[in-house]
Amino acid sequence: MVEGAESEQGYKQSPKQGSKQGSKQGSEQELKQKPKQGSKQELKQRPKQNPNKEHEQYEQEFDYQLRKVKEGLAEIFVPVEKKISKQMPVFYNPIMKLNRDLTVLLLKQFPEMSICDPLAGTGIRSIRLAKELGSYKEIVANDLSSRACALIMRNMQINDVEFAVSNKDANLFLLESKGFDYIDLDVFGSPNFMLDSAAKRISRGGIIAVTATDTSALCGTYRDACRRKYWAEPVRNEIMHEAGIRILIRKCQLVGAQYDKALVPIYSLSKDHYFRVFLRCEKGKAAVDNVLKQHSLFWLDGAGKVTIHKAIVGNATVGKAIAGEAMVSKATVSKAIIGRATVGKVHAQDARTGFGPIWTGQLWDKELSRRIAASASPAAADEGPSCSSCSYDCRLFSKIAGEAETDALFFFDIQKIIKHEKIKKNIKKSVVIKAIGDIGFIASETHFSGTGVRSNISYDGFVGVLKKLATH
Ligand SMILES: C[S@@+](CC[C@H](N)C(=O)[O-])C[C@H]1O[C@@H](n2cnc3c(N)ncnc32)[C@H](O)[C@@H]1O
């Protein structure tokens, strides 16, 4: 197969090397919309500066202080701020490097795309994609803030890349566009306000990437906020992060469903204060119906089992269904049952309410997860915990590739189960995983919890393994 051609799954067959910079399609028109400051013409006329004077020059030009940072292959100017907040003249959060690393690694697995960065900030994401992908059909960076657009222009110049920059409200920008193969919703807080326009403008086979930083709503600190914003009941216990990301995914899918677009997760990440999901768009009623069938509401019954309640599409009956049930307050061990084979078990300590509806299907495409882990570090498996030679968080990506192999909903929390089952010995996670593998089941770590094991073994089987190990 020729370089860059698609495999059956739509992935690129081989990584591109040294291919030319992406086209500048659309840039001239878009550049007209950008603020005068930092325009292409203006940049060309500016005499070359002594590099040591760079800071001074930019600080005069921009009415705030700048510093230079290196991230991936990009070097950009960002505002000097003591505190990362929305109040920064232009927003840049170094902690989100991992979020951007993942974006680059994931998009490298697909053929050339038209890329839209509608909430671009300093432009770091678009600039990294322009430099690190090697080739693409088109990149357009947009931000409502004219200060951000001016900084994007400057950052493009110092990185020797060029793409279109637009200075509009992101929804307006998307709705006026012809659509894109990749749309990156990197918002403050909830992505809700962007979901509709992104769902409308994503192409068939395209990918919408969603960041949500309002994990306190999705994970049940603010239950009312979760009901209002995500039309679901959160759960607040050891599975809250996985449940929260599944609530977020379902919300995106409900918005897509309105336009006959099935949004299927191909990669999911829960990290620090945010969730990140990549959803691939399949068009057609059958694909959408298939997605909606995998939305389920769970409850905890008197024995503490989590069971499927019923699949509910939309918001209407969710609150009522939950309120109408008498939920137990002290359920401990739970069992998840959904409309496919064994799905693992949930050990839920706080069972004062049911939760969901959630997306119960895959969080990761297995092959894609393997490819991302491999491209983050081909030697990831051998590098051990320090892994200092890697620029990517290769251990995290290989952990995720491992859990993607296990078709199980939720995971077992070793500490909780040991306590509940009154097992008197602490057992190492790696020992449990090996023992489960030895009796023919799949087991892996989970990036959602340090004490979790994702496995297709039954709850009783899991407890049996723990008890056996405890007697050794
Ligand atoms: C979280 S920051 C984006 C960070 C950036 N994507 C990165 O990776 O560093 C969100 C950005 O969205 C912009 N923004 C907020 N509301 C917007 C809107 N309605 N339309 C366009 N841009 C908006 C803000 O100015 C800010 O730069």
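Strand β6 (residues 180-186), helix α8 (residues 192-201) and strand β7 (residues 202-212) make a right-handed β-α-β unit; seen with the strands pointing away from the viewer, the path from the first strand over the helix to the second runs clockwise. Helices (H or I, at least four residues) and strands (E, at least two) are DSSP runs, numbered from the N terminus. This is a predicted model, where local features need pLDDT of at least 70, side-chain atom pairs count only at pLDDT 80 or more, and totals for chains, interfaces and linings use all residues. Residues are numbered from 1 along each chain as its sequence is written.

**Around β7**
- β6 and β7 pair in the parallel sense over six bridges, pairing being at least two DSSP bridges between two strands.
- D184 has A209 in β7 as its bridge partner.
- On β7 and strand β9 (residues 274-283), the pairing is antiparallel, over six bridges, and T211 is bridged to R276 in β9.
- Eight of the 11 residues of β7 are buried, that is, 20 or more other C-beta atoms, placed from the backbone, lie within 10 Å of their own.

**The core**
- The largest nonpolar core has 121 residues, and L248 and L279 are among those with the most contacts inside it; such a core is a set of buried Ala, Val, Leu, Ile, Met, Phe, Trp, Tyr and Cys residues joined through C-beta atoms within 7 Å.
- Helix α11 (residues 240-257) gives the most to this core, with 10 residues.

**The ligand**
- Surrounding the ligand are 19 residues, the closest being L119, G121, L144, A170 and D186; a residue counts if its C-beta atom, placed from the backbone, lies within 6 Å.

Key
A residue is buried if 20 or more other C-beta atoms lie within 10 Å of its own, exposed if 12 or fewer, and partly exposed in between; C-beta atoms are placed from the backbone.
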